[in-house]
Amino acid sequence: MSSSQYDAIARDYSAPSRHEHPIGRMNYETWLEELGGVSGLRVLDLGCGSGHTSRLLAMRGAIVTGLDISSEMITIARAAEKHQRLGIAYVQSDATRVLLGERYEVVTPTYLFNYT
């Protein structure tokens, strides 16, 4: 999908009900448990979308940068950050142009692999 394709679906894709499904919660909980402690670690959330995973990681103490190709998704993520400040930096960019020169201990492409 191109940036504009994601922009067109951003509001529906980011709806809270999408992340409240019991299977979705189970997958996040299992994934976070397997990831282990992230407190104090610099994390890059590639394909962060509306920032759901970024926020979960930040709530666990990670220093998070969320990156997404969709400007609308980033707008939604930044609005959530304004509502609940967790210190997340959101960047609108293509994942193939990752923030070179930056260092991260963890990279999470939660919603990226299914589109590659």
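In which sense do strand 2 and strand 3 pair, and over how many bridges? In this predicted model, strand 2 (residues 63–68) pairs with strand 3 in the parallel sense, over four bridges; two strands are taken to pair if DSSP finds at least two bridges between them. Gly66 has Tyr90 of strand 3 as its bridge partner. Helices (H or I, at least four residues) and strands (E, at least two) are DSSP runs numbered from the N terminus. Residues are numbered from 1 along each chain as its sequence is written. Local features need pLDDT of at least 70, side-chain atom pairs count only at pLDDT 80 or more, and totals for chains, interfaces and linings use all residues, while side-chain values use heavy atoms, without hydrogens and water.

The open sheet comprises four strands in the order 3-2-1-4, with parallel pairing. Strand 3 (89–92) and strand 4 (106–108) each have a single partner strand, so one side of each edge strand lacks a neighbour in the sheet.

Helix 5 touches strand 2 and strand 3 (contact: heavy atoms within 4.5 Å), and its direction makes about 170 degrees with that of strand 3. Axes are lines fitted to C-alpha atoms, for helices over the stretch in contact, and angles run from 0 to 180 degrees between N-to-C directions.
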